[in-house]
Amino acid sequence: MTDDVRDPRPVLRLEGIVKTFPGVRALDGVALSVLAGEVHALMGENGAGKSTLMKVLGGLHQPDEGTIYIAERPVKMTSPMHAKAEGVVFIHQELSLADELTVAENIFLGALPRKSLGRVDWARLYGDTDRILSRLNVGFDAKTRVGDLSIANQQMVEIARALTVDPRAVIFDEPTASLTDAEKVVLFEVIADLQARGVGVIYISHRMEEIFRITDRITVLRDGQYRGTLNTAETNEEEVTQLMIGRSLDLSRNASHHELGEIALEVRGLSCGKLFHDVDFHVRRGEVLGFYGLVGAGRTEIAETLFGLREPSAGEILLNGESVRIASPQDAIARGISLVPEDRKGQGLVLGMNCRDNMTLPQVGALRSGPFVSGGAEVEIFDKYHKKLDIRTPGWRQTVGNLSGGNQQKIVIGKWLSMHPEVLIVDEPTRGIDVGSKSEIHNLIRDLAAQGYAVIVISSEMPEVLHVSDRIVAMFSGQVMRTFTSEEVTEDSLIQAISGIEPGRAA
Amino acid sequence: MTDVTPDKIVSPVKEDTPVALQRRKLIAQGAIWAFIVVELIFFSVAGEYLSVSDKAFMDFENMLLLLKQSAPIGIIALGMTIIMINGNIDLSVGATYALAAIVLLDSMTWPWMQALGDSAIPLAWGLALLTGMALGAINGLLVWKTGVDAFIVTLGSMLGFRGLVFMYNGEQPTSHLNWTLVDFAEARFLGLHTATWFLLGVALLLWLLMTRTVHGRNAYAIGNNREAAVNAGIRVGPHMMINFMIIGFLAALSAVVFYSESGSVNPNDGMLFELWAITAVVLGGTKLTGGYGSVVATLGGVIAIQLLRKGLGHIGADTQTVNLVIGLILIAVLFLDRQLNRKGKQELRT
């Protein structure tokens, strides 16, 4: 990070921000100061107050106390429009684009250039858009339909939208959540470009490696309070984590060794159209088998095939040595294969239902007494896994949508454990889960293996895969490149394998 | 490996306490009944000054009659509730109602049925109810197997079933009066009319179905998040099919109860019933998007609408005015609901 472009005057400064909601002090005297040309990380666990702070900055919430300074001038942010007019723009984690419209229309949505009689000035629209796009160095043009773009490129459209106003400060909220490594590099270049233009960047992320790669300073929040600002160059992951959660997170290599049992699940030559082909692997009882690869390498699709959501085009699935056909999730569940899906809220939980009902959903049919579901038996199951998995909820009546990500994930895991599966497949076990709960989920996965479950973990985070797995299957473009044991795997060899580089031929 | 045992993380995210949760639920479910009370008070007071008749509005007999009159649409609305909780909608209920009525009345005129004397009655009932269930099954099967949206499927079947009604007897009414049936329909048990008993009975059964059985639980889950339901091993199609058969059955039951007494069906009967039923369901708080709603609250919605009609009539309003007012109230109620829910959500989003 070059220091010369850094202006000592902050472009943006928040001071003593207090925001209370009924019963909660969400922000308690928080300060944040972003210099021109600086990338400033904002870190904290889920619920630490990052989103509330950003909503205050964006004019969505009015602070009870405290002041926002833009270029050292106190400003009362009244609305998102106001924030934008002040040059404060947000790139949100969730994309808000209209799929059916072109890139240009999306970028200038609400501010289309006009000619007389309200007609759109198309020439100017496309001209302006192409100028912005050329700054971003992207491989698509103004007339592309947004729905046809990859997620990464859609994110670029969001960024382009931010650049239509000359921004003073740009806030990136978890921008890399759905990006591949190559796409991240492009994003970081864009951020560096903003930095070179003297824009202040606030970067919100849970990912330490990114924070240390691109930011200059780090401000940490915890429980709505300001915990300090660190110079990135002078600190390390441990110190930041400790500030965030008051203790350190263990992400060392998996080193626990217990006896492995029989092979629970074996897959031979499994293929599914273009999604993946000739996949072989097995997983033993007591073992955690990790699947690592880029987004789109076919890992999730394999899980979906094992769970009966996809029809394999070739190959064989053996459960306890016996060849089985899995035609539907009902089949899979009946045979003891369960799936904790990637998208917890969209695929794993019925958000409007309470904790108990979510947990017993696949087995209510077996909990009948007479024609009715036995609520007592359900509460019994819930109580058991409530304690066992240490799920933090005031009670089973709590609507699942109100729980934190980590506790929601535990509900999904508890749902399957209560049915005593043979094989548990966990797709992205800690996506969108805060640091503290991450280690709990990791320990839980190790514990389950120790208890004799065969566990398959699919993850896009290398430290996670290395931490929980006994063996790691590296996938590239629908194929298994190599299977590593935890003793032999190195980060380099793993990266080479998932990038499609043959071992030995790498430079 | 050092064992990490995280201490309790105190999250500032506000989570509902069980008591607060129960209270909120109670308010949500009780709103429609509070509305009914307001209506009763308003019409009683307004009736003192504006009434075109001398009778008091809150007259006990009058209220019993009101319940009886809400039965035809009420029974259908109860069925619509479970369809909508499941995430679907059924626009064909009015046509199903008319067709079932024709089957009921016409079948009793068939020579071999007439030869059976009064034992033709349960047979005619059975035929009508089977007709309803079969029509519902057609809807369910189409929604299940084609994957076309229920709105479109039942829009089509609404036109189709109505076509069948007209094919049956042209523009002519179908009539048959059986005095045994009329006696049954006009009978009262413990003060309540036969139709009222059917309304309450259906409400009780559906309430049990939705809150206590596996089918009910799964229907809620499918309506709330279909993909998660599939991932939990729930077979979505059969549950939808069952619900469509239930509402077909109920549309026929509604016809059976009503036409046993009236004895004559016009081919246009039951038109707009689907919209009245949906109005009652929505007024009761069930969400169009599915996954949320209550059979009991729909019963409240049905009574609230009937009260409005009767009450406005009581103070001298004509039918057009009544419809205008009901329409306005529906929109006002949903607007209010939205405002209240928005506030609630922001509170949680700390």
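Trainee: Which residue of chain A has its charged end over the ring of W396(A)?
Mentor: The model is a predicted one. In it, a charged end lies 4.0 Å from the centre of the W396(A) ring, and sits over that ring. The residue that supplies this charged end is R356(A).

Trainee: At what distance from the ring centre of Y292(B) does K287(B) lie?
Mentor: K287(B) is placed over the face of the Y292(B) ring. The distance to the ring centre is 4.3 Å.

Trainee: How many aromatic pairs are there over all chains?
Mentor: Rings of Phe, Tyr and Trp pair if their centres lie within 6.5 Å. By this rule, the count over all chains is 11.

Trainee: How many residues apart are Y97(B) and Y259(B), which form an aromatic pair?
Mentor: Their ring centres are 5.5 Å apart with 55° between the planes, and the pair is tilted. Y97(B) belongs to helix α3 of chain B and Y259(B) to helix α11, so the pair links distant parts of the chain. The separation is 162 residues.

Trainee: Is Y259(B) buried or exposed?
Mentor: Buried means under 20% relative accessible area. Y259(B) has a relative accessibility of 1%, so the residue counts as buried.

Trainee: Which residues do ring pairs link into a cluster with Y97(B)?
Mentor: Y97(B) is itself buried, at 2% relative accessible area. Ring pairs join Y97(B) into a cluster with F258(B), Y259(B) and F273(B).

Conventions: Residues numbered from 1 in each chain as written. Chains lettered and ligands numbered in written order. Predicted model: local features only at pLDDT ≥ 70, side-chain atom pairs only at ≥ 80, totals over all residues. Heavy atoms only, no water. Phe/Tyr/Trp six-rings, centres within 6.5 Å; stacked < 30°, edge-to-face > 60°. Helix = DSSP H or I, 4+ residues; strand = E, 2+ residues; numbered from the N terminus. Buried < 20%, exposed > 50% of the residue type's maximum accessible area, 1.4 Å probe, protein only. Lys NZ or Arg CZ within 6 Å of the ring centre and 35° of its normal.
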